[in-house]
Each structure stands twice: as structure tokens, then as C-alpha cells.
Amino acid sequence: MEFTETPIAGAYLIDVNRIGDDRGFFGRLWCEQEMADMGLATCIRQSNIGVSARAGTLRGLHFQRTPHAEVKIIRCPRGAVYDVIVDLRRDSPTFKQWFATELTAANARMLYIPEGCATGYQTLVDDTEIYYHTTEFYHPESATGVRYDDPAFAIDWPLEITAISDNDTQWPDFR
Ligand SMILES: Cc1cn([C@H]2C[C@H](O)[C@@H](COP(=O)(O)OP(=O)(O)O[C@H]3O[C@@H](C)C(=O)[C@@H](O)[C@H]3O)O2)c(=O)[nH]c1=O
């Protein structure tokens with residue numbers, strides 16, 4: 001696994017170290033030891049799938065508040081997404097900054113999102129699947145979000161939005 005810190009403090013891109021041969025390649029998607037060596041979370045409590053039918057679908061931006069804050073580790077085994085993280089940690093040097101990367105089936109890239117950051121994604125092609133781990137159980141009472149078009153962040157999304165939940169259009173302005 002190859003770890004690259006993003007411009008958001010404590011958030012990492014995790015790429016597969018591809019060991020290739022004439023059949024294709026082999027690589028690790030998860031290794032508790034390598035995560036621990038990097039000082040990253042190792043406790044996986046849930047693994048979730050999200051499937052979106054249409055390109056342009058936007059989900060997010062979501063996070064869980066303390067005491068149920070969680071790390072998420074996201075990848076895209078089918079299709080492609082533009083995945084955004086926003087730093088909501090008031091004591092962070094990158095507070096209110098955002099960062100985006102493309103996660104695709106072809107690049108097999110993962111995004112490690114620390115506690116206190118919200119994440120959301122827009123699908124870039126039809127029939128896209130994301131698969132992600134969380135370090136905390138789902139607690140609906142702690143689950144919340146910030147709006148994709150909140151002027152506090154001014155996130156650039158790549159496509160016209162073709163589908164979004166009512167919840168995700170209604171998160172209040174961030175203060
Ligand atoms: C996250 C989650 C949702 N649910 C339920 C709540 C709701 O009825 C239904 C669909 O939930 P949502 O509309 O929140 O699904 P979705 O918009 O796909 O939510 C996801 O968005 C991305 C950006 C994330 O970061 C994820 O953590 C998750 O919040 O599933 C669970 O039962 N368990 C869970 O762990």
C-alpha cells in the first residue's frame with residue numbers, strides 16, 4: 001500500500017502497490033500492520049456499499065458527530081466518482097478547506113478520511129459502486145451533514161447534478 005498525504009491534515013490517498021505479471025497484478029487493499037505503521041486507524045466496524053444508477057448523482061457531504069466520530073476509507077470498485085472531503089475540525093490547520101480526488105475502478109485508489117471531516121461524492125459514470133469501511137457503527141442520532149453548495153466551502157463539482165436526496169439539499173449553512 002502506498003500512502004500519500006493530501007492537502008487536508010491527516011487525510012491520505014492510499015494506492016495499491018501493484019505486483020504485476022503476465023496474468024495481471026496483485027496488491028493489498030487492507031493491511032492492519034501497514035495502517036498501524038502509518039499511525040492510521042485499524043478498527044473496522046462496518047463495511048458499506050453504495051450503488052448509484054446515473055452519472056451526476058451526488059451523495060453527501062456526511063459525517064458523524066462525537067461521540068460517534070469515525071474514520072472512513074472509501075474506494076470505488078465499479079465506475080468512477082469525484083470524492084470530496086471537507087475539514088470541519090476547528091483546531092485543524094486546514095479547517096474549512098476541501099480536497100477532491102477521482103476514485104475509479106481502474107485506479108483502485110482509496111481515500112482515508114479522518115474523524116471530523118465530512119465527505120461526499122459525485123458519480124462520473126452510470127452504474128457506479130462505492131465500498132467503504134468505517135471505524136464506528138452507524139448512529140443516526142449523530143449522523144449529520146453539510147451542503148454540497150455551501151458558500152463556506154465553495155466546492156467545484158464536475159457534472160450537473162442528476163440525482164440528490166432531499167436531505168442533502170437541506171443541510172443548513174455551516175457556521
Ligand atoms: C450510512 C447508513 C445509512 N443507513 C440508512 C439510512 C437511510 O435510510 C439509508 C440511506 O442512507 P443515506 O441516504 O444517508 O445514504 P448515502 O447518501 O449513500 O450516505 C452515505 O453517503 C456517503 C457520502 C457517506 O459518507 C456515507 O457514510 C453515507 O453517509 O440507509 C443505514 O441503515 N446504515 C448506515 O450505516
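Predicted model: local features only at pLDDT ≥ 70, side-chain atom pairs only at ≥ 80, totals over all residues.
Residues are numbered from 1 along each chain as its sequence is written.

The residues around the ligand are Gln46, Asn48, Gly50, Arg59, Gly60, His62, Lys72, Thr119, Gly120, Tyr121, Tyr138 and Ser165, where a residue is near a molecule if its C-beta atom, placed from the backbone, lies within 6 Å of it. Two or more shell residues come from each of strand 5 (46-52), strand 6 (58-64) and strand 11 (117-123); strands are DSSP runs (E, at least two residues), numbered from the N terminus. By class, the shell comprises 2 nonpolar, 8 polar and 2 charged residues. Here Ala, Val, Leu, Ile, Met, Phe, Trp, Tyr, Cys and Pro count as nonpolar, Asp, Glu, Lys and Arg as charged, and the others, Gly among them, as polar.

Strands count as paired if DSSP finds at least two bridges between them. Strand 6 and strand 13 are joined over 3 bridges in the antiparallel sense, and glutamine 64 has alanine 143 of strand 13 as its bridge partner.

Turning to the annotation, an unreviewed UniProt entry lists His62 and Tyr132 under "active site"; UniProt positions follow the numbering used here, feature names are shortened, and annotations may be inferred rather than shown by experiment. The two span 71 residues in sequence, yet no two of their C-alpha atoms are more than 13.4 Å apart, so they gather at one spot.

Histidine 62 sits in strand 6, and tyrosine 132 in strand 12 (residues 128-134). Histidine 62 is partly exposed, with 16 other C-beta atoms within 10 Å, whereas tyrosine 132 is buried, with 22 C-beta neighbours inside 10 Å (buried, 20 or more; exposed, 12 or fewer; partly exposed, in between; C-beta atoms placed from the backbone). Not counting residues up to four places away in sequence, histidine 62 touches Ala118, Thr119, Gly120, Ala143 and Gly145; contact requires C-beta atoms, placed from the backbone, within 7 Å. With that sequence exclusion, tyrosine 132 touches Asn48, Lys72, Ile73, Ile74 and Arg75.

Conventions: Helix = DSSP H or I, 4+ residues; strand = E, 2+ residues; numbered from the N terminus. Contact = placed C-beta atoms within 7 Å.
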